[in-house]
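Biologist: Let us go through this one by question and answer. Please put the sequence and structure up first.

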Amino acid sequence: MKIHFVGKLLIALVTASLLSACGVLAIGGVVAGASVMADRRLPAVQAIDKGIELEAGNALAKRFGDNAHINITSFNQKVLITGEAKDTDIKGEAGAYVKAMKNARTVFNELVVGPNSTYTARANDSYLESKIKTQMIFTDQLPSNSMAIVAEGSSVYLMGILTQREAEIAKKVTSNVTGVKEVFVYFDIISDAEKLRLEKAGKADESQPNTPAK
């Protein structure tokens with residue numbers, strides 16, 4: 001069992017490296033027959049998202065220490081909070097902190113009340129994320145570079161700027177990956193006309209609809 005786990009972890013690390021390399025080739029190109037688009041967010045929004053992740057992640061880690069294990073993912077200024085909190089008070093405080101951030105458009109607090117996850121559990125989640133990303137890249141007409149994929153305790157959270165059809169495909173692909181328990185989607189849904197505009201412009205408007213896929 002230990003050897004099997006180490007093998008999976010090595011595969012995850014190698015896959016992550018390959019995905020990073022694909023990202024360099026993705027701009028306006030095609031990878032292994034799959035259509036890969038550039039990030040649909042404006043560069044300024046990408047910077048804002050990164051700032052939210054760094055500020056909230058550092059502040060909450062400092063505030064709660066070992067009483068919580070909190071991950072912050074921001075995409076198009078929608079913020080997802082995942083991980084574990086010792087009690088409901090910590091979960092509530094973490095959510096309130098992020099909601100008070102001026103650049104956070106919407107906050108989804110998915111913290112689980114309970115003990116912090118183990119290193120093995122986190123490694124398995126990372127491996128699961130890498131499997132899903134690989135499937136996304138090799139799925140035709142799916143803009144894998146305009147999505148965030150987060151796995152926590154075998155539950156998977158998807159964020160991104162997609163058409164309704166793309167959102168349905170993304171959820172289906174994720175649900176079919178072995179090891180996925182549940183799939184939650186928090187997409188910004190755009191029209192086919194907006195998709196065509198983005199394919200030409202290579203960027204998204206700063207304001208996007210705030211309706212998640214169903």
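Biologist: What does Ser154 count as, by its relative accessibility?

Modeller: This is a predicted model, so local features need pLDDT of at least 70 and side-chain atom pairs count only at pLDDT 80 or more, while totals for chains, interfaces and linings use all residues. Residues are numbered from 1 along each chain as its sequence is written, and side-chain values use heavy atoms, with hydrogens and water left out. Buried means under 20% relative accessible area, exposed over 50% and partly exposed in between (1.4 Å probe, protein chains only). At 27%, Ser154 counts as partly exposed.

Biologist: What is the phi of Ser154?

Modeller: Most residues other than glycine have a negative phi. Ser154 lies in the loop between strand 7 and strand 8 (strands are DSSP runs of E, at least two residues; helices are runs of H or I, at least four; both are numbered from the N terminus). Ser154 is not a glycine, yet its phi is positive, at about 75 degrees.

Biologist: Which residue is 27 places from Ser155 in sequence and 4.7 Å away in space, C-alpha to C-alpha?

Modeller: Ser155 is found in strand 8 and is buried, because its relative accessibility is 6%. Leaving out residues up to four places away in sequence, Ser155 touches Val150, Lys181, Glu182 and Phe184 (contact means heavy atoms within 4.5 Å). The residue at 27 places and 4.7 Å is Glu182.

Biologist: How many residues are in the largest nonpolar core?

Modeller: A nonpolar core is a set of buried Ala, Val, Leu, Ile, Met, Phe, Trp, Tyr and Cys residues joined through side-chain atoms within 4.5 Å. In the largest one, Ile132, Met136, Val156, Leu158, Ala170 and Phe187 touch the most other members. Helix 4 (119–137), strand 7 (147–152), strand 8 (155–163), helix 5 (164–175) and strand 9 (182–190) each supply at least two residues of this core.

Biologist: How many residues does the second, separate core have?

Modeller: In soluble globular proteins, nonpolar side chains tend to be buried together. Ile52, Ala68, Ile90 and Leu111 are among the members of the second core here. Its residue count is 17.

Biologist: How many residues of strand 3 are buried?

Modeller: Strand 3 covers residues 68–75. It is largely enclosed by the rest of the structure, because the buried residues among its eight number seven.

Biologist: With which side chain does Ser74 make a polar contact of 2.7 Å?

Modeller: Ser74 is found in strand 3 and has a relative accessible area of 3%, so it is buried. Beyond four places in sequence, Ser74 is in contact with Arg41, Asp49, Ile52, Glu53 and Val79. A polar contact is a pair of N or O atoms within 3.5 Å; within protein, one must be able to donate a hydrogen and the other to accept it, and residues adjacent in sequence count only if both atoms are side-chain atoms. The partner of Ser74 at 2.7 Å is Asp49.

Biologist: Which residue in the turn between strand 3 and strand 4 has a positive phi?

Modeller: Strand 3 and strand 4 run antiparallel and are joined by eight bridges (two strands pair if DSSP finds at least two bridges between them), with Ala68 opposite Ala85. They form a hairpin with two residues between them. Gln77, in this loop, is buried at 16% relative accessibility and touches Val45, Ile48 and Asp49, among others. The residue with a positive phi, about 55 degrees, is Asn76.

Biologist: Which residue in strand 5 stands opposite Leu80?

Modeller: Strand 4 (residues 78–85) and strand 5 (residues 106–109) run parallel and are joined by four bridges. Together with helix 3 (residues 88–99) they make a right-handed β-α-β unit; right-handed means that, with the strands pointing away from the viewer, the path from the first strand over the helix to the second runs clockwise. Opposite Leu80 stands Phe108.

Biologist: How far apart are the C-alpha atoms of Ile81 and Leu111?

Modeller: Ile81 lies in strand 4 and counts as buried because its relative accessibility is 0%. Its contacts beyond four places in sequence include Ile72, Ala94, Val107 and Leu111. Ile81 and Leu111 are 30 residues apart along the chain, and their C-alpha atoms are separated by 6.2 Å.

Biologist: What share of the chain's residues count as buried?

Modeller: The chain has six helices and nine strands. Among contacts between residues at least 6 apart in sequence, 70% join residues at least 24 apart. Of the 214 residues, the share that count as buried is 47%.
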